[in-house]
Amino acid sequence: MQRRKFVNVAAAAAAGAGLAACATGTTQSGARSPFAVKTSTIPIVGSDEVFPVRRIYCIGRNYRAHSIEMGSNPDREPPFFFQKPTDAIQYVPVGTVADHPYPTLTKNYHYEVELVAAIGKGGRNIPVAQALDHVYGYTLGLDMTRRDLQRAMGDEKKPWEIGKSFDHSAVLGAIHRVPQVGHFRNGQIWLKVNGTIKQTSDLQMMIWSVAEQIANLSLANELFPGDIIYSGTPENVGPVVRGDVIEIHIDRLPNLSVKIV
Ligand code: MN
């Protein structure tokens, strides 16, 4: 009886956050476990199914002007990737302005608007020409960044995880399936803070296309359904403070908004 009660509370708490509790006391393999662990899921537009998130990959410095503002030479750099933990996802429903908590430890909290590709078919050594066949759908999101900590760690040649991979740092909307929205090779991408344009570019300005990102990632790691890829941000990243409202846009997707609290 006590256990049943716990399950219901956990499931109810999880529903609002885009997290789903696995069956209490058992793992997917059927072995019993001492507690339930939540798994992250993302709603799928026009479906009562949800997209279970296996891994979150992010590409770094994938627009020329952003690469230059971060101090790199985009003509020399091969693509590189980092990860965020799957429970860093903050799902934002369309038509809402979700509260996004200003994180601890930083004094320079930055936005990065990005196209997000969701993988529906896994593989390794995927050729570029076939790579888009592996995409289940797309959404838009924010790769939120503690820029001061990211820079400090980089300067010390330490991992920049504390700057990138923290609670709520992976903001995104519901997934739109490829049969409904097609693929995203071009189109406007922009970000506003309090109604003022801060970032604006076109997806065709990406150094590595989504197809090239998938092909490249699949050389380093086998990809699986449930992997998502943040495809990089254009130039003019910048800080927000408590009270700011961020609105982001990618052509053919509904806008997404959060308020920093
Ligand atoms: Mn980014």
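A residue counts as buried under 20% relative accessible area, as exposed over 50%, and as partly exposed in between (1.4 Å probe, protein chains only). At 24% relative accessibility, Phe80 is partly exposed. The model is predicted: local features need pLDDT of at least 70, side-chain atom pairs count only at pLDDT 80 or more, and totals for chains, interfaces and linings use all residues. Residues are numbered from 1 along each chain as its sequence is written, and side-chain values use heavy atoms, with hydrogens and water left out.

Six aromatic pairs are present in the structure. Rings of Phe, Tyr and Trp (its six-membered ring) pair if their centres lie within 6.5 Å; planes under 30 degrees apart count as stacked, over 60 as edge-to-face and the rest as tilted. Phe80 and Trp160 form a tilted pair, at 5.9 Å centre to centre and 50 degrees between the planes. Phe80 lies in the loop between helix H2 (64-69) and strand S5 (81-84), and Trp160 in the loop between helix H4 (147-155) and helix H5 (161-164), so the pair ties together parts 80 residues apart in sequence. Helices (H or I, at least four residues) and strands (E, at least two) are DSSP runs, numbered from the N terminus. Ring pairs also join Phe82 with Phe80 and Trp160 in a cluster.

The largest nonpolar core has 43 residues. Such a core is a set of buried Ala, Val, Leu, Ile, Met, Phe, Trp, Tyr and Cys residues joined through side-chain atoms within 4.5 Å. Leu115 and Tyr138 are among the residues with the most contacts inside this core. Elements giving two or more residues to the core include strand S9 (113-119) and strand S10 (135-143). A second, separate core of 16 residues includes Phe51, Val116, Ala170 and Ile228. Beyond residues up to four places away in sequence, Leu115 touches Tyr138 and Phe184, among others (contact means heavy atoms within 4.5 Å). Both Tyr138 and Phe184 are buried.

Two rings carry a charge over the face. The criterion is NZ of Lys or CZ of Arg within 6 Å of the ring centre and within 35 degrees of the ring normal. Arg146 lies over Phe166, 4.4 Å from the ring centre. The charged end of Lys192 sits over Trp190, 4.7 Å from the centre of that ring.

Phe224 occupies the loop between helix H7 (210-220) and strand S16 (227-230). Phe224 is partly exposed, at 32% relative accessible area. Neighbours within four places in sequence aside, Phe224 contacts Arg54, Ile119 and Gly122. Phe224 and Gly122 are 102 residues apart in sequence, yet 3.8 Å apart in space, C-alpha to C-alpha.
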